[in-house]
Number of protein chains: 4
Amino acid sequence: MSELDGIIRDLVIANRILAHEGVLDAYGHVSVRHPSHPDRYLLSRSRSPELVGPHDILEFSLEGDALTRKHDTPYTERHIHGAVYESRADIHAVVHSHAPDVLPFGIVKTPLRPVVHVASAMGGKVPVWDIRERFGDTDLLVSTIEQGRDLARGLGEGYVVLMRGHGFSAAGRTLREVVKTSVYVRLNARVLMDALRLGGEVQYLSQGEIDIRLALDAKSARFDRAWEYWSARAGMRASE
Amino acid sequence: MSELDGIIRDLVIANRILAHEGVLDAYGHVSVRHPSHPDRYLLSRSRSPELVGPHDILEFSLEGDALTRKHDTPYTERHIHGAVYESRADIHAVVHSHAPDVLPFGIVKTPLRPVVHVASAMGGKVPVWDIRERFGDTDLLVSTIEQGRDLARGLGEGYVVLMRGHGFSAAGRTLREVVKTSVYVRLNARVLMDALRLGGEVQYLSQGEIDIRLALDAKSARFDRAWEYWSARAGMRASE
Amino acid sequence: MSELDGIIRDLVIANRILAHEGVLDAYGHVSVRHPSHPDRYLLSRSRSPELVGPHDILEFSLEGDALTRKHDTPYTERHIHGAVYESRADIHAVVHSHAPDVLPFGIVKTPLRPVVHVASAMGGKVPVWDIRERFGDTDLLVSTIEQGRDLARGLGEGYVVLMRGHGFSAAGRTLREVVKTSVYVRLNARVLMDALRLGGEVQYLSQGEIDIRLALDAKSARFDRAWEYWSARAGMRASE
Amino acid sequence: MSELDGIIRDLVIANRILAHEGVLDAYGHVSVRHPSHPDRYLLSRSRSPELVGPHDILEFSLEGDALTRKHDTPYTERHIHGAVYESRADIHAVVHSHAPDVLPFGIVKTPLRPVVHVASAMGGKVPVWDIRERFGDTDLLVSTIEQGRDLARGLGEGYVVLMRGHGFSAAGRTLREVVKTSVYVRLNARVLMDALRLGGEVQYLSQGEIDIRLALDAKSARFDRAWEYWSARAGMRASE
């Protein structure tokens with residue numbers, strides 16, 4: 001199997017995992033930067049992640065033009081992916097999700113912050129990006145590269161950004177990292193909501209703990225144990 | 001396959017999708033207006049949606065009289081469907097649901113309003129209809145065409161109406177639209193409850209955003225991506 | 001099939017339904033009064049409801065003595081069933097459950113009251129029985145017929161009684177009715193918790209509505225639509 | 001089957017049960033003390049519990065050195081197990097979990113206390129251990145035997161200890177007991193959160209009730225009914 005074929009296979013598994021773990025539903029998507037052309041990325045044609053197979057994966061320029069199979073319908077919101085790859089050389093994979101447990105933090109003032117060690121990729125506090133601030137009333141979709149670039153500015157140097165009334169986007173140094181980040185952003189949001197409702201002060205992770213965990217994640221970027229497990233749950237055989 | 005057979009097939013898929021996505025359970029139903037006789041609608045005999053097959057679909061007059069297979073037991077609450085079709089020429093499909101996540105908004109003062117872009121069909125604020133206002137103490141079922149007409153007045157020009165102590169009804173310009181609306185009303189209710197509990201001000205969709213989304217939905221009335229996904233999850237092959 | 005065999009078959013289906021719908025888990029049980037000997041009841045040997053088959057069903061006297069296959073281990077808490085049958089000639093089936101959604105109402109002052117039409121069997125307000133009031137510190141199990149009789153007094157003339165720190169018991173005029181009651185007590189508890197958290201006044205069913213629904217349930221005691229659906233979900237073929 | 005083979009088989013079943021019941025996910029683990037060498041314990045190599053089979057089980061010294069198949073990767077956090085076995089001769093099985101329903105009680109002041117009879121193994125009030133108190137900023141993992149010993153001190157004479165921002169650990173007098181404790185700690189946490197949100201005073205189990213239940217559990221240490229049920233749900237045939 002060529003390197004590209006292996007990456008496409010991993011991207012298909014990532015689609016299935018994120019669907020099975022409740023991060024992606026009918027909508028939402030996951031992409032990976034092209035291994036030999038850093039100015040391209042791989043992303044499914046317009047199809048729900050649970051159903052994506054190798055033949056659905058297309059190549060796009062960072063501006064969102066399909067470079068292969070140009071007659072297939074692309075995701076309207078592919079610009080989320082292109083704009084993040086454009087602005088962040090360290091990022092090699094992107095997820096866009098509407099997970100219900102995360103959505104509340106995009107529409108209230110209470111910030112989403114990490115309380116569980118596995119969710120440290122969120123950083124100290126997840127920024128909220130609101131398309132309305134710069135583009136006024138829209139359908140809330142990131143439909144142009146300019147909107148994508150504005151979102152990428154909202155993401156800044158972090159790995160997760162909330163999108164008001166819409167969902168969140170996550171960026172990873174590897175495909176497996178962004179899958180892990182997305183799964184645990186959701187878990188952390190649920191735990192934090194439950195904790196806040198108990199009342200009183202909540203103990204967030206300290207900045208020191210977050211930094212140590214981010215460094216740890218960079219070293220263990222394959223997350224073999226979780227990847228094998230999530231693949232099996234999604235009915236896929238984990239890639240070696 | 002005749003046009004009617006195709007519509008019946010889609011209606012069966014809609015039954016299965018709504019059961020699988022937690023919108024309908026033992027009770028609740030979904031109908032579609034007859035394609036060539038606008039004064040008739042198609043609806044299952046009295047059977048739980050998850051089990052409905054093509055042979056369960058009956059034809060009804062808007063007054064709720066079965067026009068085919070008159071010996072089958074109909075749903076008591078078929079009048080919800082007839083009355084909505086009677087009052088709204090733009091509506092071609094109706095859902096009646098008891099989804100638990102939506103029920104709380106029918107029994108408290110807090111209004112159900114859209115906070116997620118996919119739920120814009122709810123309009124600015126979902127009206128609450130209470131059968132008791134006009135009919136006093138009842139079994140809460142919409143058992144007569146008069147009760148159905150009162151409910152249709154409660155729905156007004158919108159697409160969703162809450163029913164106090166009972167559930168909600170949704171109306172769509174197409175069958176696929178009403179399925180999407182019903183799935184996302186439920187998600188929006190869950191997200192809004194979670195957001196309100198975090199305290200502080202909640203950012204609802206603006207009226208401009210709602211209008212733009214409703215116009216978008218009218219154009220993309222097939223919702224192919226979601227329909228293919230939901231059909232597959234419900235164990236059905238999506239119709240073309 | 002003899003009448004008794006038919007009833008045993010229904011009781012097995014009821015076990016499977018209540019397990020599948022989240023009313024019963026490892027523990028909990030469901031019984032039915034003997035059709036020709038009103039001073040006996042049918043109940044599984046000590047086995048989790050999801051696994052109960054026809055050969056697990058034993059006959060008991062109202063005092064809790066096994067009348068068949070006396071060497072099988074019975075449920076410790078069979079006295080819940082015997083005591084309810086003893087005190088209420090109108091009751092023909094009993095469920096004992098630890099459903100997590102219902103448990104909170106047994107340990108706080110907020111009463112469990114019906115807010116959804118399908119849950120009217122709860123009556124105006126579900127009583128809470130606390131074994132500690134009469135028996136002091138125990139293992140909380142209803143292990144003697146005296147404890148069962150005290151619980152039956154707590155149930156009174158109603159159909160549902162909460163048990164502090166333990167669960168609830170439900171009584172039905174038919175087996176199918178007690179299954180329906182148990183499923184919807186759980187749903188009503190979830191909806192009411194969600195509604196109360198939204199704040200402000202909650203609209204409960206009126207006493208008139210409750211009375212009308214109870215009369216309706218008595219007439220439609222077979223609940224064919226729901227029974228067929230729940231049976232299918234639990235992997236069983238519904239009895240005719 | 002030798003005694004050791006039987007114990008390994010039970011440990012595999014325990015892994016599958018805890019995964020299926022939502023106590024363990026990609027991470028977390030369960031161990032058992034060696035039946036004939038009390039200074040050793042049995043624990044899977046680094047693998048998600050849902051996927052663990054008999055050939056994944058390794059033997060460790062209490063200090064965490066693998067005594068068999070030394071080339072396999074062990075869990076980093078195996079020291080939780082060794083330190084608890086070292087400090088508590090009465091303990092024969094240990095679970096380490098990140099169950100989301102339990103996590104909130106590790107990051108707020110509200111104590112986790114038992115409100116349901118099946119959760120009495122928690123004792124009167126579950127202690128919270130914070131790795132930061134003694135070790136400052138870390139990755140929050142229990143990576144050394146010293147950290148494990150500090151956690152074991154946090155556990156004290158009880159059976160459950162919360163770990164701030166991380167999860168919980170549970171200890172059992174038998175493997176089946178620790179499985180039951182872990183399943184019901186989670187249920188109790190969910191019920192208590194729901195009850196606290198209803199407001200007003202919550203009725204916890206009394207110390208007398210807790211003591212009676214703990215004595216009862218010691219006698220019925222096989223928990224045959226629950227073990228058969230959980231095994232079946234996890235797709236395993238229960239051990240005799």
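Axes are lines fitted to C-alpha atoms, for helices over the stretch in contact, and the angles between them run from 0 to 180 degrees between N-to-C directions. In the predicted model described here, this convention applies to helix 1 (residues 3-20) and helix 7 (residues 224-233) of chain D, whose axes come within 9 Å and cross at roughly 70°. Because angles of 65 to 115 degrees count as roughly perpendicular, helix 1 of chain D is described as roughly perpendicular to helix 7 of chain D. On the side of helix 1 of chain D, the residues that meet helix 7 of chain D are D:D10, D:I13, D:A14, D:I17 and D:H20, and their partners in helix 7 of chain D are D:W227, D:W230, D:S231 and D:R233. Sorted by class, this contact of helix 1 with helix 7 of chain D consists of five nonpolar, two polar and two charged residues.

Helix 1 (residues 3-20) of chain A and helix 5 of chain A pack at an angle of about 5°, and their axes lie 11 Å apart. Since angles under 35 degrees count as roughly parallel, helix 1 of chain A and helix 5 of chain A are therefore roughly parallel to each other. The contact draws on A:D10, A:L11, A:A14, A:I17 and A:L18 from helix 1 of chain A, and on A:L175, A:R176, A:V179, A:S182 and A:V183 from helix 5 of chain A. Seven of the residues in this contact of helix 1 with helix 5 of chain A are nonpolar, one is polar and two are charged.

Attention then turns to the contacts between chains. Where chain A meets chain B, 35 residues of chain A and 31 residues of chain B take part in the contact. Together chain A and chain B bury about 2900 Å², and 58% of this area is on carbon and sulfur atoms. Within the area that chain A buries against chain B, A:Y27, A:I107 and A:R197 supply 21%, which is more than any other three residues. Six salt bridges are counted between chain A and chain B. One salt bridge is formed by A:R132 with B:E209, for which the closest N and O atoms are 3.2 Å apart. Across the interface of chain A and chain B, 14 residue pairs are found in polar contact, with both residues at pLDDT 80 or more. Helix 5 (residues 175-198) of chain A gives the most to the side of chain A that touches chain B, contributing four residues. That side of chain A comprises 15 nonpolar, nine polar and 11 charged residues.

The residues D:L198, D:R225 and D:Y229 supply 27% of the area that chain D buries against chain C, more than any other three residues. Between chain D and chain C the count is six salt bridges, and C:R132 forms a salt bridge with D:E209, with the closest N and O atoms 3.2 Å apart.

Other chain pairs do not touch. No contact joins chain A and chain C, whose closest C-alpha atoms lie 10 Å apart, and chain B and chain D likewise do not touch, their nearest C-alpha atoms being 10 Å apart.

Side chains of opposite charge can pair when their charged atoms come close. Over all chains, a search of the whole structure finds 100 salt bridges. Within chain B, B:R45 forms a salt bridge with B:D56, the closest N and O atoms being 2.7 Å apart. Both B:R45 and B:D56 lie in the loop between strand 2 (40-44) and strand 3 (57-61) of chain B, 11 residues apart.

Terms used:
Residues numbered from 1 in each chain as written. Chains lettered and ligands numbered in written order. Heavy atoms only, no water. Contact = heavy atoms within 4.5 Å. Buried area = accessible area lost by both parts, 1.4 Å probe. Salt bridge = Lys/Arg side-chain N within 4 Å of Asp/Glu carboxyl O. Polar contact = N/O pair within 3.5 Å; in protein donor to acceptor, adjacent residues only side chain to side chain. Helix = DSSP H or I, 4+ residues; strand = E, 2+ residues; numbered from the N terminus. Nonpolar A, V, L, I, M, F, W, Y, C, P; charged D, E, K, R; others polar. Parallel < 35°, antiparallel > 145°, perpendicular 65-115°, else oblique.
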